[in-house]
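Welcome, and thanks for taking a look at this one with me.

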Amino acid sequence: MAALYEGYTLCGLAPAQNLLSSGIQGVEAERDSDHVVVTDSTRSVTLYKVSDQKPLSSWTVKQGQTLTCSAVYNSQTKEYVAVSDGKVIRIWKEEEILLDKAFKATVSSDVWRVHCVAGGEPVVLFQRGAVRLLDSLLSAPQQPIEEVLAQEEVIRWSTNIVTESQQVVIFTTEQKGDHFLYLQRLNPNTLQRYRLEREEPGLSPLSFSASCKDKHIRLLYLYPNGHLYQSLVPVRGLGADEGAQALLMPRSLLLALPIGEGLLEAASAQVLDDAHVAVVGVPHPSAGAGKDFLCIWNTNFQTLQAGKEMAGKIYGQLWRYSNKLFIPHGKTLSVIPYEWPKSSLASALGKLRQAKTEESKAPTSVPSWNNILHEEKAHPSRTVETRKTRTNRKSQSAPSLTNDHILELIKTAPVEEVQKEVEVLLSRTDVQGLQPSVGQLASTLVSRSLDDPAFYTPSSLAQLVHTRCLCHSVCPDLVLLALERKDYFLCQLCLQFFPDIPEAVTCACLKAFISMSDVDAEKVSVEPDGFSFMESLMARERGPHGLQNGFSPASIEVDRSDGLGVGGTRAEDTPTEQICPVGLHKAVLLNEILQTAYSDSFLLPHLKDLSSQHVLLFLQYLQFLYLKYSQDAFPQMHGLRSPSLTQIMDWVCLLLDAHFTVLVMTPEAKGLLLNLHSFVKSQVRLVSELGKIEGSLQELNKMKVKKDVGQYSIEVIELF
């Protein structure tokens with residue numbers, strides 16, 4: 001899962017008097033990932049070493065002169081390039097002190113921006129849309145500059161990227177409420193012009209961001225209503241003649257961000273990779289109005305990955321370089337490090353180990369967190385159209401309620417009507433199109449349920465969780481509401497499908513499950529796969545004990561006699577019958593706790609809140625599972641949700657770490673602790689034996705097969 005780390009201040013700001021501008025024109029990358037060039041909106045350019053939060057050099061133009069575009073670093077010549085007073089191009093090296101003595105050249109037309117990508121030559125974009133390479137321009141500074149834009153057309157945003165070994169200058173313009181996109185290729189010199197679709201009611205984009213993806217230029221643009229759109233433009237396209245009709249640029253809604261009431265005034269979105277977007281200036285879904293956040297959204301799953309409140313005014317500016325986000329807010333320019341695991345999200349979610357997930361299944365029609373976390377395959381039964389869904393689809397001749405109407409309906413309508421409309425909404429075939437709305441529906445249902453004790457829609461909430469478009473950060477009160485209403489089936493679903501449940505909530509669920517009586521637990525509906533696993537586990541007769549995983553219950557007396565010298569006196573502590581200390585339904589719920597992601601350091605403090613009786617009962621259940629898993633007669637049940645042996649041992653260690661002193665002083669725990677001690681010794685013995693054969697396996701791996709083996713060769717190596 002993506003993460004935002006603790007930020008730090010790079011420099012202070014001097015906001016404009018009207019407070020509409022941060023006072024910063026731009027932040028540009030310099031020689032490496034730890035250096036940036038910051039240009040203020042008046043006279044100064046400063047080089048910073050980011051990790052030290054320290055300015056290395058600073059240059060200022062004379063009083064009365066103004067920097068009109070941000071400075072860039074030319075890595076080819078090790079020089080800085082900036083523009084003052086619209087037409088004066090200045091070039092200097094780091095060792096130069098006074099800009100007035102640096103190289104200057106006055107051009108014939110006003111410059112909008114100078115762009116420079118790493119390893120590329122700087123390009124100059126003029127305010128009237130013309131583009132020149134810097135060296136070509138400096139060879140004849142007073143050369144005439146053509147006008148590409150119409151009379152009332154002005155540039156709003158620009159950037160420069162490299163794709164297929166060529167530079168492309170991208171800029172957007174506005175003319176009488178219409179917005180256009182220009183792609184200027186430099187080799188060959190071609191220009192493409194596109195028209196953006198209008199966003200009702202006449203809203204203008206707040207920010208743009210561009211990247212290259214699969215031979216297409218990917219443009220993201222955010223509107224004040226929270227809609228984040230994506231447009232893909234092919235890199236290889238036909239050049240448009242000057243004055244030709246602009247092509248309509250197709251777009252798709254990438255995210256519908258929750259903005260509350262009103263419109264966004266200053267916000268920005270920056271693409272991080274194919275699946276992640278950073279957004280600043282948009283409220284957090286679970287925070288109150290008036291608070292601005294920096295958030296990372298996963299666009300594939302429509303989920304909020306990380307959020308951080310930004311104090312002070314947001315100016316709608318956001319830069320990204322080398323896994324760092326640069327954000328002006330209040331009176332500071334902050335640096336926020338971030339990361340997102342690309343290969344495996346499980347490593348970032350704690351000890352989430354699901355050993356039997358090859359057989360697990362998930363729907364293919366809706367992107368799922370579990371597809372990433374557990375590499376689950378598709379579940380045919382969830383995507384095949386049933387007779388009921390066909391009937392519902394045919395019967396929906398009348399237009400169904402929109403998402404906005406249902407949100408209003410939830411606030412006042414009775415439970416039955418709300419559940420019916422939510423079910424109809426989720427039964428549509430275009431579930432992917434509803435993903436941005438699932439979080440809003442869940443939050444609204446939870447909000448009313450918390451305010452109105454008589455209102456609760458368990459089936460609707462379970463259906464929303466089953467869509468796999470929700471996570472805890474989007475609707476943080478859902479699990480707590482389920483615990484308050486003692487809806488343990490919904491708790492189990494959340495534990496199963498939410499990858500970001502905090503450790504405090506996990507412990508709250510554990511405390512509720514373990515303190516529930518077996519009689520009450522039998523009344524709880526549980527997840528079918530987990531129920532089938534425990535039913536088979538409890539029904540299986542006790543078979544002969546082998547040495548799977550290095551442990552045999554028959555060796556407990558031997559282990560104890562080694563340490564205590566009283567081998568025969570402890571025989572009564574050895575469990576002669578492996579009886580589960582909890583009921584079937586409670587065991588299913590506890591198994592879901594064992595499979596939930598966690599971090600040791602965050603979980604331990606909350607485990608200490610459990611009573612000694614509950615800890616003892618939980619350890620007895622973990623002992624039961626361990627003994628069952630250690631039998632050769634017990635087959636691994638692929639396809640059923642079940643905790644792994646490693647997860648069981650991890651929880652044993654966690655509980656002992658959290659309550660060791662109390663357990664040692666509890667007489668009832670003495671025999672249990674001795675058994676657990678033998679479990680640990682068996683694991684140590686197993687690791688020791690594996691270490692002994694490591695050398696042999698390495699030698700076998702180094703052996704080279706002879707080439708003259710005839711037509712084929714069969715070699716059998718028995719290790720056990």
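## Ground rules

Axes here are lines fitted to C-alpha atoms, for helices over the stretch in contact, and angles run from 0 to 180 degrees between N-to-C directions. Helices (H or I, at least four residues) and strands (E, at least two) are DSSP runs, numbered from the N terminus.

This is a predicted model, in which local features need pLDDT of at least 70 and side-chain atom pairs count only at pLDDT 80 or more, while totals for chains, interfaces and linings use all residues. Residues are numbered from 1 along each chain as its sequence is written, and side-chain values use heavy atoms, with hydrogens and water left out.

## Helices α17 and α18

Helix α17 (residues 612-629) and helix α18 (residues 645-664) cross at roughly 150°, and their axes come within 10 Å. The crossing of α17 with α18 is left-handed, meaning that the near helix is turned anticlockwise from the far one by less than a right angle.

Residues in contact have heavy atoms within 4.5 Å. From α17, Phe618, Leu622 and Tyr626 are among those that meet α18, whose contact residues include Trp651, Leu655 and His659. By class, this contact has 16 nonpolar, two polar and no charged residues. Nonpolar covers Ala, Val, Leu, Ile, Met, Phe, Trp, Tyr, Cys and Pro, charged covers Asp, Glu, Lys and Arg, and polar covers the others, Gly among them.

## Helices α10 and α15

Helix α10 (residues 488-497) packs with helix α15 (residues 584-594) at about 25°, the axes being 9 Å apart. That makes α10 roughly parallel to α15. Their crossing is also left-handed.

Tyr488, Gln492, Leu495 and Gln496 of α10 meet Val588, Leu589, Glu592 and Ile593 of α15. Five nonpolar, two polar and one charged residues make up this contact.

## A four-stranded sheet

Four strands form an open sheet in the order β7-β8-β9-β10, with antiparallel pairing (pairing takes at least two DSSP bridges between two strands). β7 (67-74) and β10 (103-106) are at the edges with a single partner strand each, so one side of each has no neighbour in the sheet. The twist averages 20° from one strand to the next.

β7 pairs with β8 (residues 79-84) over five bridges. Leucine 67 has serine 84 in β8 as its bridge partner.

## Loops with positive phi

Lysine 78, in the loop between β7 and β8, has a positive phi of about 60° although it is not a glycine. Glutamine 53, also not a glycine, has a positive phi of about 50° and lies in the loop between β5 (44-49) and β6 (54-60).

Technical notes
Parallel < 35°, antiparallel > 145°, perpendicular 65-115°, else oblique.
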